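Work through the exercises below with the sequence and the 3D view open. Try each task before reading its solution.

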Amino acid sequence: MARAVVIGAGIGGLTAAAALQGRGWDVTVCERAPALEPVGSGLAVAANALRALDTIGVGDTVRGLSAVRGELGLRRPDGSWLARTTEEEASARYGDSVVLLRRADLVGALHAALAPGTLRLGTTVLAADPGGEVRTEAETLRADLVVAADGVSSPVRATLFPGHPAPRYAGVTSWRVLVPGGGAVQASETWGAGRVFGVMPLAGGLTYCYATDTVPAGTGDGDQRAELLRLFGRWHSPIPELLAAAEPGDVLRNDVYHLTAPLPAMHRGRIALIGDAAHPMTPNLGQGACQAIEDAVVLAHVVSTGGDLSAYTSARLARTARITARSASICRATRLRGPLAVRLRDTATALTWRFASGRMTAAMDDVLGWRPPHDQG
């Protein structure tokens, strides 16, 4: 039986483990954390990732957690709409709408898809060799395939491609918080001068809020809820109300880093990189987790149907590089601060949506219209 070792039990790593086990692989997942603790944030699973999750039998579980209804779109700080659509329109075009859910719920669904004993918590990987050896604090594991899903600051990526530029600060810091009892809110993202605030309804009466601001890296001390109220407390409802209802200790703040130059390959030897280890991106397209899920199911397909890892790189590198670049482009647009630049950006967005909404929507076809490899046997 072919053997795989997965480094990291995030969304990409767990998806890869489930996809490989479904194709008959013996899989071990090494996770340095002592437990899969719930993380207080949400994420978007778009139509492309839902199709990928269908291949491991998790898609319908995730769809059942969707709470998006009615209108959704892009707004100004005063609440007026720049662009908007409906959940029904998105579903009609792509066969699925986006599902917004707690990260912990997706991690739980993926973990439940694994065979008992697959996940080894509290297991730190010290080194991974392209020949297929993975050294932990306790033992050396040997594998036909090593899946590096070890995140934005991936030590494995740095070892395999030591001369490649490390992820760079994208110019924005981000906040995330789950707010209980947010009520019936509309899904929207609001753009101001250098700032963004997103409001997303989740199942169970939760509301996921996220925000970004254009500030120097490493400036995140103090009460972060108070900082959010200072930055966004005068924006349209329900933003101030949601922030007032949030628990200060639940607000997470992280500087955003992304890869500005694609890797030369997404593999070396027997090691394949997936997700943030391969292509860390800004969150502006909501595709970080989605691309990790795509990576995982394509990798499992390639290695289980006679292909080598060069075929995995061929299938994934150009696509993920395009999406990373597009997301970075949107991030740059959100960082505009000058009144004239902001006015021009907002006017162009509103006019494009009003007179060419079909073209604007179609621009996402190559992202959301993706389908997994046909052979799932």
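**Exercise 1. How much space lies in the second largest pocket?** Then describe the lining of this pocket.

Solution. The model is a predicted one, in which local features need pLDDT of at least 70 and side-chain atom pairs count only at pLDDT 80 or more, while totals for chains, interfaces and linings use all residues. Residues are numbered from 1 along each chain as its sequence is written, and side-chain values use heavy atoms, with hydrogens and water left out.

Step 1. A pocket is an open set of points on a 1 Å grid over the protein atoms alone, where a 1.4 Å probe fits, with protein on both sides within 12 Å along at least five of seven lines; a lining residue has an atom within 4 Å of a point. The volume is the space filled by probe spheres set on the points, which are joined across faces, edges and corners. For the second largest pocket this gives about 170 Å³.

Step 2. The pocket is lined by 16 residues, and Leu259, Thr260, Pro262, Ala321 and Thr324 are the closest to its centre.

Step 3. Helix H10 (residues 309–334) contributes the most to this lining, with seven residues. Helices (H or I, at least four residues) and strands (E, at least two) are DSSP runs numbered from the N terminus.

Step 4. Sorted by type, the lining has 10 nonpolar residues, five polar and one charged. Here Ala, Val, Leu, Ile, Met, Phe, Trp, Tyr, Cys and Pro count as nonpolar, Asp, Glu, Lys and Arg as charged, and the others, Gly among them, as polar.

**Exercise 2. With which residues does Asp213 form a salt bridge?** Give the distances and state how exposed the partners are.

Solution. Step 1. A salt bridge needs a side-chain nitrogen of Lys or Arg within 4 Å of a carboxyl oxygen of Asp or Glu. By this rule the count is 15.

Step 1. One partner of Asp213 is Arg195, with the closest N and O atoms 3.3 Å apart. Asp213 lies in strand S15 (residues 206–213) and Arg195 in strand S14 (residues 195–201), 18 residues apart.

Step 2. Asp213 also forms a salt bridge with Arg337, where the closest N and O atoms are 2.9 Å apart. Arg337 sits in the loop between H10 and helix H11 (339–362), 124 residues from Asp213.

Step 3. Buried means under 20% relative accessible area, exposed over 50%, and partly exposed in between (1.4 Å probe, protein chains only). Asp213 is buried at 3%, whereas Arg195 is partly exposed at 21% and Arg337 is partly exposed at 38%.
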